[in-house]
Structure formats: C-alpha cells, structure tokens
Amino acid sequence: MGMSSETDQCKREQRNRLRALRKSLGQEQRLCIDAKIEQRLLSLPEFQTCELLLTYLDFGSEVRTRGIIQAAWDRGKLVALPRCVPHSREMRWYCVTSLDSLVRSPLGVEEPPADEGAELPVGSSCKRDALALVPGLAFDERGFRLGYGGGFYDTFLARFAGHSVGLCRECQMVDDLAALKAIDSHDLAVDMLVTEGRCVRPNA
C-alpha cells in the first residue's frame, strides 16, 4: 500500500471514529461546551481587534458559531460565510448581515446566495485584521486538523493572510495527527486553537 492510500485509509478510519464520538455527546452537553468555547473566543485579542470575521455556519453537531456571528455583528464587524464552488476545492466568501437569506446547498449546508456585490476577496490581499474560524473533526496540539475530506479549508488557508482559529471540543483534541497517519503534505495548520478549557498557540 502506498503512503497516500495508507494516509487516506487512516483518515477515513479517524473520521468515522470522531464523527461517532461527536454524535455521542448529548445536545445539552454540546451546547454547554460550545458556550465556553464561544466565551473564550470572544476574549481573544484577535477577535476583539478584527474588522472581518470569516466563519463557517455550524451544521449538525459542529461547534456552534451562531452566537459568535451575532457577537461580531453587535460589535460592528463584517461577517462573511463561505459558499462551496461545485466540482472544485474552492470556497467563495460573501458578506452577510442576516442569516435569514441563506440557501441550502445540495449537501444540506446553509450558504449565502451567490451575490457578486457581497463577495469578498480573501486571498493574500486580505487584511491582516481578518480572523477565520475553521471547523474540523479533530485538531492536534500543533494546530493540524482532520477535516471532512473536501479540501476546501486547505485550499483557503494556503492563500489566507489573516489569523486562523480552529474551534474544537477538548474531547476531539488529539496529541499528533501525523502519528495517526491522518495528515499529509498538503494539510495546513491553524494559528490558534480554542477549546472549552484553553487557547493553544502552537507557534508561540
């Protein structure tokens, strides 16, 4: 078995295990944990000083971001949500001022409509005062993540010049994804991790 196919198999096994773990948490337990993650994130200087928040909208049992989005609006920040480009690994980001106008993708995820006037360029020209919230099934102590397999956030992070934060419940933290053969050469780490109990800055 080649290295890449071995890595793919290991990733699949870890994704299945971590999806089951995430679903095993009751909704009340998840909400309690996520409220602590939200408060810890809101206290970060990177959140307090950012002018633009690029964030996923929680789906299923992901760490909730709706309260964070509202807090950003309350503080006068721009908020952008991603829209996946079909048959690619690209996401486009659109500024939103409400969650009422979102449309459901074929995968069931709520996305902003493809409104050219609301699209934001988020490549290397994006301001340093932009903050991106990144989802994942797991993160490790070095900031690497196990995503869902689409490659969308790896493509995004490779071009993003702002600060990136992984949101992760402590039970989904692992010591080293590389040791589990669950990352490969194109996987990228985030700058910071926020759990219910701590903020990890791998490069500090």
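In what order do the eight strands of the open sheet lie? In this predicted model, where local features need pLDDT of at least 70, side-chain atom pairs count only at pLDDT 80 or more, and totals for chains, interfaces and linings use all residues, the order is β6-β3-β2-β1-β7-β10-β12-β13, with mixed pairing. Residues are numbered from 1 along each chain as its sequence is written, and side-chain values use heavy atoms, with hydrogens and water left out. Strands here are DSSP runs of E of at least two residues and helices are runs of H or I of at least four, numbered from the N terminus; two strands pair if DSSP finds at least two bridges between them. The sheet ends at its edge strands, β6 (119–120) and β13 (199–200), each of which pairs on one side only.

Strand β2 (residues 78–84) runs parallel to β1, joined by three bridges, and Leu-54 has Ala-80 in β2 as its bridge partner. Further along, β7 (residues 130–134) and β10 are parallel and share four bridges; here Val-134 is partnered by Gly-166 of β10. On to β12 (residues 192–194), β10 pairs in the parallel sense over three bridges, with Leu-167 bridged to Val-194 in β12. Strand β10 (residues 163–167) is largely enclosed by the rest of the structure, because four of its five residues are buried, where buried means under 20% relative accessible area, exposed means over 50% and partly exposed lies in between (1.4 Å probe, protein chains only).

Helices complete the picture around the sheet. Helix α4 (66–74) lies across β1, β2, β7 and β10, and runs at about 140° to β2. Helix α5 (residues 152–159) also packs on the sheet, touching β1, β2, β3 (91–95), β7 and β10, and its direction makes about 70° with that of β3. Such angles run from 0 to 180 degrees between N-to-C directions, the axes being lines fitted to C-alpha atoms, for helices over the stretch in contact; contact means heavy atoms within 4.5 Å.

Which residues of α4 are buried? They are Ile-68, Ile-69, Ala-71 and Ala-72. These residues are on the same side of α4 because they cover an arc of only 160° around the axis, the arc being that of the directions from the helix axis to the C-beta atoms. They pack against α2 (27–42), α3 (45–49), β1, β2, β7 and β10. Just after α4, Gly-76 takes a positive phi of about 80°. In α5, the buried residues are Tyr-153, Asp-154, Phe-156 and Leu-157. Their arc of only 165° around the axis puts them on the same side of α5. Among the elements that cover them are β1, β2, β3, β7, β9 and β10. An α-helix has 3.6 residues a turn, so residues three or four places apart point the same way.

A second open sheet has three strands in the order β9-β8-β11, again with mixed pairing. Its edge strands, β9 (145–146) and β11 (173–174), each pair on one side only. Two bridges join β8 (residues 138–140) to β11, and these strands run parallel; the partner of Phe-139 in β11 is Met-173.

The loop between β1 (52–55) and α4 holds Ser-61. This residue is buried, with a relative accessible area of 10%. Apart from residues up to four places away in sequence, Ser-61 touches Arg-22, Lys-23, Arg-30 and Arg-169.

On a 1 Å grid over the protein atoms alone, a cavity is a set of points where a 1.4 Å probe fits but cannot get out, whereas a pocket is an open set with protein on both sides within 12 Å along at least five of seven lines; lining residues have an atom within 4 Å of a point. Grid points are joined across faces, edges and corners, and a volume is the space filled by probe spheres set on the points.

The largest pocket has a volume of about 1200 Å³. It is lined by 46 residues, of which Cys-84, Leu-107, Tyr-148, Gly-150 and Phe-152 are the closest to its centre. The elements that give two or more residues to this lining are α1 (3–24), β2, β5 (110–111), β9 and α5. Helix α1 gives the most, with eight residues.
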